[in-house]
Amino acid sequence: MLKVGVDVGGTFTDTYATDGENVWVGKSLTTPDNLSEGVITAIEKSGVQIKDIDLLIHGSTIATNALITKNYYGWWPNTLFITSEGFSDAIEIRRGRNQLYGEINMYGQTPEPLIQRNNRFSLREKVDSAGNVIEEVNKNEIENLVEEFKKRKPDSIAIVFINSYLNPENELATKKELQKAFPDIPIVTSVEVAPKFRELGRMITVSVRALLSPIITDYMNKIENSFKDKAFKGDLLVIKGDGGTCNIEYIKKCPEMLIGSGPAAGVVAGELVGGELGFKNILTQDTGGTSYDVCVIEDSSHLRTMEYEVGLDMPLIVPMTDVRSIGTGGGSIIWLDEGGGLRVGPQSAGAKPGPICYGMGGTQPTVTDANLLLGRIDRTLGGKMQLDYDKVNEIFKEKLAKPLNHDVFEVAEGAINIACVDMARANSLITTSRGRDPRSYLPVLFGGAGGMHACKISDEIGVKKALIVPNSGVASAMGATMMPFSTYSEKTLYSELDQTDLELLNSELAALKQQVIKDLVVQGVRESNIETHNEFHMRYVGQNYEIMIKDSNECYDQSELQELKHKFNEAHLKERGINEIKFPVAIVDIRVMGASKQEEVSLMKYPRADFPVEIALKDRRAVYFNGEFIDTPVYDFEQMTYTHEVFGPAIIEMSNSCLVVNEKWSARLDEHKNTILERR
């Protein structure tokens with residue numbers, strides 16, 4: 001079977017194809033005006049014929065970018081929002097936070113609400129805290145709303161009532177009436193998306209689904225049609241932000257799961273490759289053209305979050321791979337702030353115009369341009385294109401070096417160091433901030449710019465070993481070919497452990513499991529090939545935050561509940577640095593996660609070297625390290641094999657990326673041609 005993974009990034013579109021024995025890779029500039037064009041170009045560059053593809057797995061930034069820019073090819077949906085009377089501004093008030101990932105920003109601006117005030121409406125209705133309907137929705141009020149909506153011609157409608165997670169009757173009744181008037185547009189209720197307590201998370205999540213539904217439906221239709229025009233007859237799957245895949249119909253119904261799609265595939269690649277090599281605790285680090293994405297893998301499983309923020313204080317409460325991203329990558333712009341300080345990102349030159357050196361009209365200095373100045377990138381990219389070194393030198397000198405009164409090469413190296421420090425700090429968002437010591441994890445780096453900064457980032461983190469996977473420039477696309485089908489079903493079921501109704505708990509978990517199995521079977525997964533586990537959001541009674549506990553029991557009695565409490569106390573100590581085993585514990589939310597069984601990963605093995613590494617030496621050139629140019633050997637990765645080792649300073653050039661081995665570091669190839677970096 002010929003599988004092809006596709007990762008559409010902000011700068012490059014990557015493809016990785018394999019039939020189990022052979023591998024083909026392709027990379028092309030992302031085409032923002034028509035993303036499918038870049039996908040087709042990247043596949044064709046790999047040498048694979050689209051008509052021969054059996055399975056195409058597609059990851060894309062389209063959902064994330066649309067939400068950030070509020071733009072989809074010059075258009076944005078007219079989405080209307082309905083909530084309980086008195087709560088229409090809750091989506092804009094949010095929680096009043098001025099923190100992002102724990103950092104207070106005294107001058108930060110709150111983002112615009114997902115849905116503007118003139119598109120937000122309310123209805124009188126009431127469900128109490130026990131789930132009793134105190135006031136039904138008034139049909140006359142709904143009819144008045146329908147008349148108003150007809151004037152506004154909505155593209156989608158979102159409905160979120162307070163306490164509807166306890167009793168959805170009013171939400172569903174409102175949707176039923178609206179569907180009569182608007183049968184051809186998406187109408188989304190919170191009970192269908194996230195039947196859980198805390199109205200802000202439900203409001204944000206439902207709004208995101210309603211906004212993205214017409215966008216992702218149109219995007220997927222265009223992708224399907226583009227490939228049909230190329231005689232594609234295989235199956236098309238989509239990468240989800242939770243680390244699994246789904247078919248086209250599923251993602252059209254749940255478009256919010258496309259957020260974080262590309263980074264999630266990279267995490268899976270790091271998880272499976274690292275696991276095959278015997279590593280259980282890993283830090284995956286994906287350095288692309290636009291962003292740097294990091295994730296923790298612990299005990300061979302990546303961490304997930306239930307509050308992925310689509311903007312400051314705007315939580316998406318669906319299970320997502322806990323990837324944290326910062327705007328630092330190969331295309332990140334280097335600039336001077338008001339005080340004359342050197343800064344890197346988060347702005348990016350993107351695919352167009354791109355870095356200055358690409359000669360596509362870029363005029364802003366970028367990280368890629370800095371690496372070219374320092375001699376770390378071949379001026380011809382291995383014969384692929386002539387990079388404009390003189391133009392880069394000229395602009396760096398004019399915009400950065402002269403104002404700073406420093407040598408242009410000092411400025412370029414300073415920018416690289418700043419970028420690496422920023423990347424290292426991003427690791428703290430998922431390690432130290434969650435009670436983990438980053439030195440206890442193996443960094444697995446990939447992405448087109450990953451290997452260029454691996455040694456410096458590792459120095460900043462404090463680790464002495466790191467790993468670069470083969471084809472690291474297309475690792476996310478590679479991960480796509482390894483991902484299972486996945487889905488979940490969840491609800492709020494508050495219960496103090498000492499007072500738990502075991503019959504109710506077990507019946508609710510069984511119902512959620514059946515829904516998960518049904519969703520996967522509909523997508524073509526055999527029931528015998530489905531694995532499930534339970535997840536509980538738990539807290540000490542009286543707390544206002546929860547910790548997620550994973551468990552695999554089928555049925556619960558008092559002894560299993562006590563084991564669950566023990567797991568919670570251990571997790572609370574790890575995450576928060578404190579626990580108290582005497583405090584009562586409560587379950588808040590329950591969830592069943594399901595996935596198709598993971599296919600066995602078989603990494604290609606290479607023979608032990610029977611020739612010296614000098615055979616792979618292709619060149620020597622002056623490369624700037626620590627304030628001076630050093631005559632540095634440049635090796636061809638394709639000519640290297642198992643046991644070959646080089647000592648820094650050195651450059652190893654790959655077909656779609658480059659590895660910079662700093663001084664005091666060595667690079668050794670294992671039997672799978674993973675590059676093991678070690679500080680000497």
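Buried means under 20% relative accessible area, exposed means over 50%, and partly exposed lies in between, as computed with a 1.4 Å probe on protein chains only. The views below show a predicted model, in which local features need pLDDT of at least 70 and side-chain atom pairs count only at pLDDT 80 or more, while totals for chains, interfaces and linings use all residues. Residues are numbered from 1 along each chain as its sequence is written, and side-chain values use heavy atoms, with hydrogens and water left out.

View A. Lys673, a residue other than glycine, has a phi near 65°, and it is found in the loop between strand 36 (665-669) and strand 37 (675-679), where helices (H or I, at least four residues) and strands (E, at least two) are DSSP runs numbered from the N terminus. With a relative accessible area of 5%, Lys673 is buried. Tyr73, which is not a glycine either, has a positive phi of about 50° and is found in the loop between helix 2 (62-69) and strand 5; at a relative accessible area of 36%, Tyr73 is partly exposed. Most residues other than glycine have a negative phi, and most peptide bonds are trans.

**View C. Strand 11 is largely enclosed by the rest of the structure.** In strand 11 (residues 156-160), 5 of the 5 residues are buried: Ser156, Ala158 and Val160 point one way, and Ile157 and Ile159 the other way. Strand 11 pairs in the parallel sense with strand 5 (residues 79-84) over 5 bridges, where two strands pair if DSSP finds at least two bridges between them, and Ser156 is the bridge partner of Thr79. Strand 11 also pairs in the parallel sense with strand 12 (residues 187-189), over 3 bridges, and Ile159 stands opposite Thr189 in strand 12.

**View D. The largest cavity is lined by residues that include Tyr73.** On a 1 Å grid over the protein atoms alone, a cavity is a set of points where a 1.4 Å probe fits but cannot get out, a pocket is an open set with protein on both sides within 12 Å along at least five of seven lines, and lining residues have an atom within 4 Å of a point. Grid points are joined across faces, edges and corners, and a volume is the space filled by probe spheres set on the points. The largest cavity has a volume of about 30 Å³ and is lined by Asn34, Leu35, Ser36, Tyr73, Tyr219, Lys222 and Ile223. Helix 7 gives the most to this lining, with 3 residues.

**View E. The second largest pocket has a volume of about 870 Å³.** Of the 34 residues that line this pocket, the closest to its centre are Tyr16, Thr18, Val23, Ser602 and Met604. Strand 2 (12-18) and strand 3 (23-29) each supply at least two residues of the lining, and strand 3 gives the most, with 3 residues.
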